[in-house]
Amino acid sequence: MRTDWTNEEDEFLKQNFLKWYDAAIAEELGRTESSIRSRAARLGLSKKKGTFDDFTDDDIAFIKKHYQTMHTKIIAEHLGVSESKIRKYAISIGLKKSISIGWTQKEDDFIRRNLSLPIKVLAEHLGKSNKTVVKRIKVLGLEKLPRSEWAEIQIDYLKKNSDEFSIKELGKTLYKKEKDVLAKLTELNLSTTDWDDEKDLFLAMNLNLTYGELAKKFNVEPDNVSARVKHLKLKKIGNSKFSIHQEQLAEKNQHLSLHQLAELLNMHSSAVRKEMVARGFNYKRNGTRRTPEEWQKKILIEKNETETLAKLASQINESRQITSRWLIDLGLREQAIRFSEEEKMFIKENVNKMTLSQMEKAIKKPAQKIRLKIRENGWMQKSSEDVEQFSDYINGLNPKKTSIQDIAIEVNASINAVKQYMRVNGLDNKFPDRYSIKQTDDYTRFFGDKFNYRKKPETYGEWFLYWFKSYREKHITKVTADKYLVDYKSICDEGLGDEKLKNITRSRLQRYINHYGESHSKQTVNDHLAKIRSSFRAALDDGLIKTNPAGNIQPAYKEQSLSQKELKAMRDTKKWLEIEEYQKLRYHLVFELGRTLLEDVEDERVISNRFRELAILIALKTGARFSEIIGLTRDDIDFKNHMINIDKTWNVRGVEDETFMKTKNVASVREIIVDAELMHIIQLYFNWQDRLGIETEYGTLFVRKNKRVFNADYNSYLGSMLEKLGIERITMHKLRHTQASYLLAQKVSIEVVAKRLGHTDSTMVREVYGHLLKTTEDEGNRLIKNLI
């Protein structure tokens, strides 16, 4: 290949470069097109006329002075031209970059001190590419050290963080093997412990032990345990029993007050009092009640309306009980309404004799509180015979102004008992039911027993009802059947239900779907259209129509009319938890339950919160439906094989007759494998229920005696919990999405995920739960970027 250029060739190139094609010049000179373009660049030639003509003498002087030692980008920005133009001009006049450009002495020293670090880490720290760092190491005449060697930056990090992270976490951060980290810690006389989830859980559930006792368990120093407790933001609660050390301290400090002893021994005041009395020890008894100090009073006044009782107690370093009492003393909160023993006895003796209003006047307490006390103690009227005693009162009521719910409240009875009384006494339709759709004609027509199967359906509404009664009703759950009723009402309200079945055309159905889609989402429209298509296919099979008008209907939905901004906002709506958020919520629930289930606090709100937290943890770890979780009984928990059995649900949507129901489909009957962590928490939960004597319906885990279960209540509690953790709110059902997405992101097969979630096949998983987690999406994007 010819590499030298003659003066005649250069002259020819200068004369014809702007006139001829590169291919023509190459053919004339017997060279390649690439060599023609390269030589032209060296000669300062360009297809664009006057490429360098706009450079002034000052510009040219600036380029010649700084090109070898300054970044091309900086020169280009200074002159207001492209980097490419600067490089081409430099080549044309024979300028070359200096090999040390862009490197400072500080950066070179950093490389020399940290040669054992991976190239990737060096590059990230210096803000340069991997290739640039490799070249610089060669220029400096250095050689990479093995990773077993310790870099200066790694040692500094180890000294600062040895008490904060486990050996495993340190090794991952420093790109070292765990044994190398442990050896270096010993060499530097640093101490740590290899904290993991199991040890953290043990620590959280055994904070009643002293730091010295915990240190012996983990074979570390007490200071190390103390640092870990602070890192996990746990609170040392002490034990209800004195240890040997605590007993010695208590005996020596009998001159202190009960509150001071509680602080000294790291125990609750009530536990200290009990232990002191049991041992015959004395303590200083204050004649007056403690009052808040000025700084505590200031916090209570300023933050009472914005902070919870727990947060206020933490900020003023007092118990919740004392904080609550001080708030009442300061007039910031109302005194809790309490019933004396005489008042409780009065309510119990008269609950089946007096109405709620009469008891309210008698003991001068709010009716709502009396009603709550009746429900708490299980004193409500539960049968029609119990309600019979109030027959004179009920017969004197005005049906136009009184509902079944009003009667149930006034006579201290359940709604079911009142309805049973109405049926027995022939008063079924006398009083309205505010919440039941059973009062409507559509409900009676749709679910009534007196359906005439012999009458040939003529209108589409008649056929839809006939099709539902014949082919659907016996094969679906009550909840799903209610959805068919909603679809039936939509068809009839629009007028489609009144039209002759054989006269309905495809265009007429399309107009109906277009109208329906104006106010319904894509998923709702698709579900509704699926029922319509199925009903017309059945009509075709039965010979009632000759063609199927629903065969090629195009769905229309309200998202189609939204702007790009509205669509983006809808897409950005949170549908699941990311992996980090999943772990953060799991971590919070495990430690909260592990701590609080050891306490015996007989407070209604506290008990309800424990119910909610365990249900949320089970939903997070299993992906089970809300009704399936609420329907769990103790017999469904297999501690030996770490399995949870699901073969029923709880009717959480019904206003009345709350009881067990069948699962959504056959595939929903399944056994879900879970980890030891969840099994341990459930065992603690059972022990906690037994200690407090908490009774539930039919041995369920979450349905308390005479208490309703609301999905919205659990959604609200979950949302508040997530907000406190700095996570965007989601609902209980989206924990199911989270489980599916999390497992798919961890490469679990779709078939296994479908079976775990109780789907009949994997199609539903692909369509509904195949969301890409952001982590998975980022990894995919990086892979695509490398491939293209």
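What relative accessible area does Arg37 have, and is Arg37 buried, partly exposed or exposed?

Reply: Arg37 has a relative accessible area of 44%, so Arg37 is partly exposed. The scale runs as follows: buried is under 20% relative accessible area, exposed is over 50%, and partly exposed lies in between, with a 1.4 Å probe and protein chains only.

First, the ground rules. This is a predicted model, where local features need pLDDT of at least 70 and side-chain atom pairs count only at pLDDT 80 or more, while totals for chains, interfaces and linings use all residues. Residues are numbered from 1 along each chain as its sequence is written, and side-chain values use heavy atoms, with hydrogens and water left out.

Now the partner. Arg37 forms a salt bridge with Glu33. Their closest N and O atoms are 3.7 Å apart. The term salt bridge means a side-chain nitrogen of Lys or Arg within 4 Å of a carboxyl oxygen of Asp or Glu. Side chains of opposite charge can pair when their charged atoms come close. Both residues sit in helix α3, residues 33-42. They are four residues apart there, so about one helical turn separates Glu33 from Arg37. Glu33 is partly exposed, at 38% relative accessible area. As for the labels, helices (H or I, at least four residues) and strands (E, at least two) are DSSP runs, numbered from the N terminus.

Next, salt bridges elsewhere. A search of the whole structure finds 25 of them. One joins Lys297 to Glu294, with the closest N and O atoms 3.9 Å apart. Both lie in helix α19 (residues 294-303), three residues apart, which is about one turn of the helix. Lys297 is partly exposed at 27%, whereas Glu294 counts as exposed at 61% relative accessibility.

Another pairs Glu341 with Lys344, the closest N and O atoms being 3.8 Å apart. Their helix is α22 (residues 341-350), and they too are three residues apart, about one turn. Glu341 is exposed, with a relative accessible area of 57%. Lys344 is partly exposed, at 27%. Salt bridges can also share partners: Arg586, Lys621, Asp675 and Glu677 are joined into one network that way.

Helix α1 (residues 7-16) packs with helix α2 (residues 22-29) at an angle of about 160 degrees, their axes 11 Å apart. That makes α1 roughly antiparallel to α2. Axes here are lines fitted to C-alpha atoms, for helices over the stretch in contact, and angles run from 0 to 180 degrees between N-to-C directions. Angles under 35 degrees count as roughly parallel, over 145 as roughly antiparallel, 65 to 115 as roughly perpendicular, and the rest as oblique.

The crossing of α1 and α2 is right-handed. Right-handed means the near helix is turned clockwise from the far one by less than a right angle; anticlockwise is left-handed. Glu9, Phe12, Leu13 and Asn16 of α1 make the contact with Ile25, Glu28 and Leu29 of α2. Contact means heavy atoms within 4.5 Å. These residues divide into four nonpolar, one polar and two charged.

Helices α31 (residues 478-494) and α32 (residues 506-517) pack at about 110 degrees, with axes 11 Å apart. They are therefore roughly perpendicular to each other. Their crossing is right-handed. From α31, Asp487, Ser490, Ile491 and Glu494 take part, and from α32, Arg508, Tyr512, His515 and Tyr516. This contact holds three nonpolar, two polar and three charged residues.

Last, the whole chain. It has 43 helices and five strands. Of its 788 residues, 43% are buried. Among contacts with a separation of 6 or more, 63% come from residues 24 or more positions apart.

How values were computed. Nonpolar A, V, L, I, M, F, W, Y, C, P; charged D, E, K, R; others polar.
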